[in-house]
Structure formats: structure tokens, C-alpha cells
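Thanks for coming. I will go through one structure today, starting with a helix pair and then moving to the sheets.

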Amino acid sequence: MIYLDAAATTPVKREVLEAMWPFLTGDFGNPSSHHGVGESASRALAAARRVLAEWLGCRPAEVVFTSGGTEADNLAVKGIALGNPRGRHVVLSAIEHPAVVESVDYLRRVHGFEVSVVPVDIDGRVDPDAFAGALRPDTTLATVMYANNEIGTVQPVARLAELAHASGVPFHTDAVQAAGWLDTRLDTLGVDALSLSGHKLGAPKGIGVLAVRQRLPLEPVVHGGGQERGHRSGTENVAFAVGLAAAVRLAPPLEVAAAAARTTALRDEFIGAVLATVPGARLTGHPSSRLPSVASFCFPGTSGEAVLLQLEERGVIVSSGSACAAGSDDPSPVLLAIGLSPQVAQTAVRFTLTPDTTAEELRAAVDALRASVAEVAALG
């Protein structure tokens, strides 16, 4: 099997499992309990928080553990907007993850917020001038994802955060796909809040983080016992937090940069081979300002789902779009936002690499793709 769907999820790394095991067995305490077993769990949780804080360029008190990227996005959007709003207006891009889109829509429906959606160009990039023009004196939050999960386009987040701050607006970025490939430190990006998800980094599904500056009031989404400094109630998932810390320890900045450079070279070779040998193939997303791991295409005259199934029969695992939209027959809002017709958008296939993907695997994937597209087109 050639697995090229890392944007959907990654396998849990052995080192992560080994780090987690003690806290799934003998060291099982509740970190809020005031006895030896609980205090041991509390120390482990605090150590994991310190690791994440160092990796994300923030203070330990600014790390909030969540159940994943979706909850982190919900907490950022709803929590910041409702925490101490200077108005009832939110700005987001046209290609945000559904977790952000639906959270903003909740603010509109339930709390009467106004929403401004900043368009993107044909490559999926936000124009900083258009973004700045959408900001208002009553804007209470701006949110633009760091790198898109479908087409891989990377946004000029540091510049957008600078523009937001010039207008006094807090800035959040969904960095779920960017983490492990790009610099996601708050102190270098200049963002106020950043979301990530463990299962994109070799940790288990069910753990994520919202890193959020302490100066921002944050209304909790989950109420109860006041854990996570009152930001997210519920007994903390100590083992998974430890696992996420182990995963980011395996991704220090220098190794991330080296892996990104290697993978970018493989990705570009793969893209070139697909465009040269698969008739009608159309690259989506920015040609260069894109995640090292993402190569996404449309194949007009086919069906993306049909191509996906043909590829799986040939041992290549990919996606026809976002895993979060699985089961939906509707064309991708992201592809529509970059100007594709609904018919072309439904021919999308996304290939996403891991740092361990090899050139041999990608050459085999090109051969499988060429045969798959030809077979689907012949049936069409």
C-alpha cells in the first residue's frame, strides 16, 4: 500500500505510543486529584504543556489542550468573539475549514454577529489589501487558516496578523495542516491564537491544542469543572497530551525544515510528472506557496471519487478532497471559491505526503494515476 492521504490522518508513531503507555496503565490518575497518583498525572500534564509551549513559542499558561483541531477552532472563534467583544463583526477567508465556518455561522445565527468573507484568487491566496479592507472598528476577530487542507495554499499569515493588529483586531489561524511542515510559533507569526491537531503529527486522534495569548479573554465552549485554567472543562486526557508532546519532540525546527525541503522536492517532481503524463490534469492551489506535502489536481471529464476507487484498487490511498466532507456529493466550497465550476470541482483528487514518502512510491503513484484516469475517462 502507498499511503498518500496524510492530510486526513497519520499513523501514530511508536515513540508516541511508548510515551503514552504508562499513563494508560499504572499511572492512571486524575490530574485534579490531591493524592500521589493524581499528582503524578498532574506533573506529566504540566510537562507536556511545557513541551508544547516551547514548540509553539508561547507560555505554558497559553496552551489549552482540546479533543482536536475542530474543538480548538470552535474555542478560538467562539471563545475570543464572545470573551470581550468590541463589536459583533468577524472576518474570515472564503476557504476556511468547516470548523471555523460553522463556528462563525453560529455567532451570526445565535448572537447576531455580522460576517465579512474575504475572497481568494485562483490560487487560493488572500489579498492582504482586501483583508485589511474588510476590517472595521467593530471587528472583534479575524481568522485565516495558515495552509489549506484541500489545495495546500499557504497564506501570508504574519502579514495578515500585522494588519489585524494595526486595526486592534485579534487574529486566529487554523494551523492544523501547517504544523510539522511550517513555522507555527506564535512569537514569530505574531498571531494571537493558533489551532493544531495531534493526529496530523503522529499522535492519536482525540488530542489537539489551542495556543491563545493570556491577554485575550476567552469564553469557554465546554463548561464544568474549570480545568485548563477555566478555558476547557473536563478531566484532561493525560496520556494523549503526553503523546502529543512526544510527537512534537520528534519534530524540532531544524528537522522540520529539512523534512520540508526534501518533501518539497519530491512533491514538485510528482506534480511535474502528473501534469506531463496525465491528459487534462489541472493543478489546484498556489504553484509554489503551498505545503510541502500537498499535490492536488482536478481531472476534467472524470469523477474524483471514481479515480480514488481506481487508485485504491491499484494500492494507492488518496482522498477526493477534505476528509471532513466525506460522504458529501456537493462540490468543495474551497474549489468553488478559487473559481472552478461545480463539474470540474467534483473531479478533484488530493495527494498528501508524509516525511517518509519516497520517490519510488511517487513514481508508482503516477503510473497508477495515469491508468486510473484513463479507465474512468473511458467509462465516462
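**Helices, then sheets**

Start with helix H10, where Ala306, Val307, Gln310 and Leu311 meet Ala368, Leu369, Ser372, Val373, Glu375 and Val376 of helix H13. Sorted by class, this contact of H10 with H13 has 7 nonpolar, 2 polar and 1 charged residues. A contact here is heavy atoms within 4.5 Å. Ala, Val, Leu, Ile, Met, Phe, Trp, Tyr, Cys and Pro count as nonpolar, Asp, Glu, Lys and Arg as charged, and the others, Gly among them, as polar.

Before going on, the ground rules. This is a predicted model, in which local features need pLDDT of at least 70 and side-chain atom pairs count only at pLDDT 80 or more, while totals for chains, interfaces and linings use all residues. Residues are numbered from 1 along each chain as its sequence is written, and side-chain values use heavy atoms, with hydrogens and water left out. Helices (H or I, at least four residues) and strands (E, at least two) are DSSP runs, numbered from the N terminus.

Back to the pair. Two packed helices are described by the angle between their axes and the distance between the axes. H10 covers residues 304-313 and H13 covers residues 359-379; they pack at an angle of about 130 degrees, with axes 9 Å apart. That makes H10 oblique to H13. The axes are lines fitted to C-alpha atoms, for helices over the stretch in contact, and angles run from 0 to 180 degrees between N-to-C directions. Under 35 degrees is roughly parallel, over 145 roughly antiparallel, 65 to 115 roughly perpendicular, and the rest oblique. H10 passes H13 in a right-handed crossing. Right-handed means that the near helix is turned clockwise from the far one by less than a right angle, and left-handed that it is turned anticlockwise.

The cut-offs are under 20% for buried and over 50% for exposed, with partly exposed in between (1.4 Å probe, protein chains only). Leaving aside residues up to four places away in sequence, Gln310 touches Ser372, Glu375 and Val376.

The next helix pair is H1 (residues 14-24) with H8 (residues 238-249), at an angle of about 155 degrees and with axes 8 Å apart. H1 and H8 are therefore roughly antiparallel. Their crossing is right-handed. H1 contributes Glu15, Val16, Ala19, Met20, Phe23 and Leu24, and H8 contributes Val238, Ala239, Phe240, Val242, Gly243, Ala246 and Ala247. By class, the contact of H1 with H8 divides into 11 nonpolar, 1 polar and 1 charged residues.

Now the sheets. An open sheet of 7 strands runs in the order S2-S8-S7-S6-S5-S3-S4, with mixed pairing. Strands S2 (63-66) and S4 (114-118) stand at the edges with a single partner strand each, so one side of each has no neighbour in the sheet. Neighbouring strands are turned by 20 degrees against each other on average, direction ignored. Two strands pair if DSSP finds at least two bridges between them.

Take the strands around S5 (residues 139-143). Strand S3 (residues 89-93) is joined to S5 by 4 bridges and runs parallel to it, with His89 partnered by Thr139. On S5 itself, 5 of the 5 residues are buried, so S5 is largely enclosed by the rest of the structure. S5 and S6 pair in the parallel sense over 2 bridges, and the bridge partner of Thr143 is His172 in S6.

S6 (residues 171-174) is in turn joined to S7 (residues 193-197) by 3 bridges, again parallel. There His172 stands opposite Ala193. Phe171 and Thr173 point one way from S6 and His172 and Asp174 the other way, and all are buried.

In the loop between helix H6 (157-166) and S6 is Pro170, which is buried at a relative accessible area of 14%. Its contacts, not counting residues up to four places away in sequence, are Ile80, Thr140, Leu141, Ala142, Asp192 and Leu216.

Helix H2 (residues 36-56) lies across S2, S7 and S8 (208-212), at about 115 degrees to S2.

Last, 3 strands form a second open sheet in the order S9-S10-S12, with antiparallel pairing. S9 (282-284) and S12 (348-352) are at its edges, each with a single partner strand, so one side of each is left without a neighbour in the sheet. The twist averages 30 degrees from one strand to the next. S9 and S10 (residues 294-298) pair over 3 bridges, and Arg282 stands opposite Cys298 in S10.
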